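Me: I would like to go through the helix packing, a salt bridge and a surface patch of this protein. Please keep to what can be read from the coordinates.

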Amino acid sequence: MAGGIIMNQSGGKEYPGKMTLFVFFACLVASSGGLIFGYDIGISGGVTSMDSFLSKFFPSVYRKEKEVVTTNQYCKFDSQLLTLFTSSLYLAALIASFFASAVTRVFGRKWSMFAGGITFLVGAAINGAAENVFMLILGRILLGIGVGFANQSVPVYLSEMAPAKLRGMLNIGFQLMITIGIFAANLINYGTSKIAGGWGWRVSLGLAAVPAAIITVGSLILPDTPNSLIERGHDEKAQTMLSKIRGTTDIRDEYDDLVAASEESKTVKHPWRNITEKKYRAQLTMAILIPFFQQLTGINVIMFYAPVLFKTIGFADDASLVSAVITGLVNMFATFVSIISADKAGRRFLFLQGGTQMLICQIIVGTLIGIQFGTSGVATISRGYAVCIVFFICVYVAGFAWSWGPLGWLVPSEIFPLEIRSAGQSINVSVNMFFTFVIGQAFLTLLCHLKFGLFYFFGGWVLIMTVFIALFLPETKNVPIEEMVLVWKRHWFWGNFIANEDVHVGGNKV
Ligand code: BGC
C-alpha cells in the first residue's frame, strides 16, 4: 500500500505527484482574493488626504487641518475621526471572519471566496457613489465583510490544494497579490489626486470593483479542495479532483490520509470548543500570536501612512507620494524572495533572517530621525539625509515582505488539523484585523507621544517575536498538511501537550 512513498528531510511522507498546470491556475485565481485586501490597505491613506474628500465628508477635520499651524512634526496629523474611517473596515472584517468559518466548513472554501468577492463588489460601488457619510461607512462595512471572507478562505484553499513540497510557494501567491493590490492602489491615488474636478477620490474608491470582480468571477470557476470535498461527504469527486491536481492516479496514500483526517474531524462537533483543548494548545497559541506579532512589526505604519511619514521628515507632497510608490515596489518585489525560498530554506530561516533585518533597520531609522528632530520635533533636514531614511525604511519593508508578511498567512493556514482548520483560520484573521485596527487607530497618537521612539517600540516587539520563533515554532516546510501533528509532537515544548493516542495519521496511531 505504501506505493511510491518516501520520507522527506523533515520526516514527513512525500506523496507521488507533481505540480500540474491545473493546480497552478487554480491557485493563481484563488490568490487574487489577496488583491481586494491589498487594494484597500493601499487606497484609504491617499483618499483621506485628498482635500475634496475631506471637505465633503469630514469638514471639521478639513478645517482643523487647514487651521492648525504647528511646527512640531510628530503631532501634525493627529485626527481620530479620520483614522476611524480607515480602520472601521478591519472591525467589520474581524466579525465577518467568524461567519466565514462556518461557510468555509459547511459549503466549502470556494463559496466563502465568492461571498467575499460579491460583498466587496457592492461595497466598492456604494463607496464610489457615496453622497454622505452613511453611504461611506456602509460601503466600508461591506468591504470589510468581503475581506473577512476572502482572508478566511483563500489561504486555507491554497494550502490544501498545493503539493506539500510547494505549499509555501503557492500559498505566498496570496501575499504577492496583497502587495500588488497595495502598489496598484498607490499608483491610482497618485493619478487621481491630480484630477482637477475634485472627484478623484470616487475613482480611487470605485476602482476597488476591479479586483472584486476578478475574485468573484474567479471563484465561480474554481474547483473545491479534496480536503473540503471529503469533509462534506463527496468522496468520489474528491478522488477525481486529487488525481487531477496531482497529475497522477497514484493518489491512494494521500487520499487515505485525507479520509483519516476527515474521520477524525467528524468526531468534533464544536470546533470552537475543541480548539481550546490541551492537545491543540500549540496551534491555538500560533493562531493568536503570529497575526499579533505580524502587526506589531509596525508594517502598517508604513503601508497606511507612508506619505504622512515622508511629509513628516520633510518631503514635499509629490515627493512623499513618490516615496510611497517606491516602498510599494520594494514590498512587491521582495515577496518573490520568499516565493522561491520558503520551501527550500524553510519558514524558520526566513522568520529569523527577516526579523533581524527589520530590527536593525528600525534602530537605524529611529536614531536617524531622533538625531535630527530630537524630542521637540522641529527641524529641517537635508535631502540626502531624508533619502537615507527612506533607504533604510525600504530595507525594513523588504525584510517584512519575505518573512512576517507571507508567513503570517502561510503558517497559520498549514498547522491546523482539518477539524479545527476553519475555526483556527478565523482566529488568525480576526486577531490580525483587530491589531491592524489598533495600530491604524493609534499610530498618529503614538507618533505624537513616542516620537522617534516609536521605531524603537516596534523594534522591541520584533526582537521578542524573533526569539519566540527561535524557541517555539517548529519547521513546517515540505510536511503534508494532514501530517502536521507529527511536527508538533516532536517539538521539545509542544510535544508535552500531545498524548500519544492523540496522534492519528493515515488512520494509524503513532
Ligand atoms: C499584512 C498586512 C500588510 C501587508 C503588507 C500583509 O501580510 O497582513 O497588514 O499591510 O502584508 O504587504
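This is a predicted model: local features need pLDDT of at least 70, side-chain atom pairs count only at pLDDT 80 or more; totals for chains, interfaces and linings use all residues.

Me: How do α18 and α22 run relative to each other?

Reply: The axes of α18 (residues 347-373) and α22 (residues 453-472) come within 9 Å and cross at roughly 165°. Angles over 145 degrees count as roughly antiparallel. That makes the orientation of α18 to α22 roughly antiparallel.

Me: What is the handedness of the crossing of α18 and α22, and which residues of α22 meet α18?

Reply: The crossing of these two helices, α18 and α22, is left-handed. From α18 the contact includes R348, F351, G355, M358 and T367. Their counterparts in α22 are F455, Y456, F458, G459, V462, L463, T466, I469 and A470.

Me: How is α18 oriented to α19?

Reply: Helix α19 covers residues 383-401, and its axis lies 8 Å from that of α18. The angle between the two is about 160°, and α18 passes α19 in a left-handed crossing. Among the residues in contact are C361 and I364 of α18 and C388 and F392 of α19. The angle makes α18, relative to α19, roughly antiparallel.

Me: At what angle do α15 and α22 pack, and which residues of α15 make the contact?

Reply: Helix α15 (residues 281-296) has its axis 9 Å from that of α22, at an angle of about 145°. This crossing of α15 and α22 is left-handed. On the α22 side the contact is made by F457, F458, W461, I464, M465, F468 and F472. The α15 side consists of M286, L289, F292, F293 and L296.

Me: How many residues apart in sequence are the parts tied together by R109 and E160?

Reply: The whole structure has 14 salt bridges. In one, the side chains of R109 and E160 meet at 2.9 Å, N to O. R109 lies in α6 and E160 in α7 (residues 133-161), so the separation in sequence of the parts they tie together is 51 residues.

Me: Which residues form the nonpolar patch on the surface, and about how much accessible area do they have together?

Reply: The patch is made of V106, F107, W111, L220 and I221. F107 sits in the loop between α5 (80-106) and α6 (109-128). Together the five patch residues, V106, F107, W111, L220 and I221, have an accessible area of about 540 Å².

Note on methods: Residues are numbered from 1 along each chain as its sequence is written. Side-chain values use heavy atoms; hydrogens and water are left out. Patches are made of residues with over 30% relative accessible area and no salt bridge: like charges are joined within 9 Å, nonpolar side chains (Val, Leu, Ile, Met, Phe, Trp, Tyr) within 5 Å. Accessible areas come from the Shrake-Rupley method with a 1.4 Å probe; for residues, only the protein chains shown count as cover. A salt bridge is a side-chain nitrogen of Lys or Arg within 4 Å of a carboxyl oxygen of Asp or Glu. Helices (H or I, at least four residues) and strands (E, at least two) are DSSP runs, numbered from the N terminus. Axes are lines fitted to C-alpha atoms, for helices over the stretch in contact, and angles run from 0 to 180 degrees between N-to-C directions. Angles under 35 degrees count as roughly parallel, over 145 as roughly antiparallel, 65 to 115 as roughly perpendicular and the rest as oblique. A crossing is left-handed if the near helix is turned anticlockwise from the far one by less than a right angle, and right-handed if clockwise. Contact means heavy atoms within 4.5 Å.
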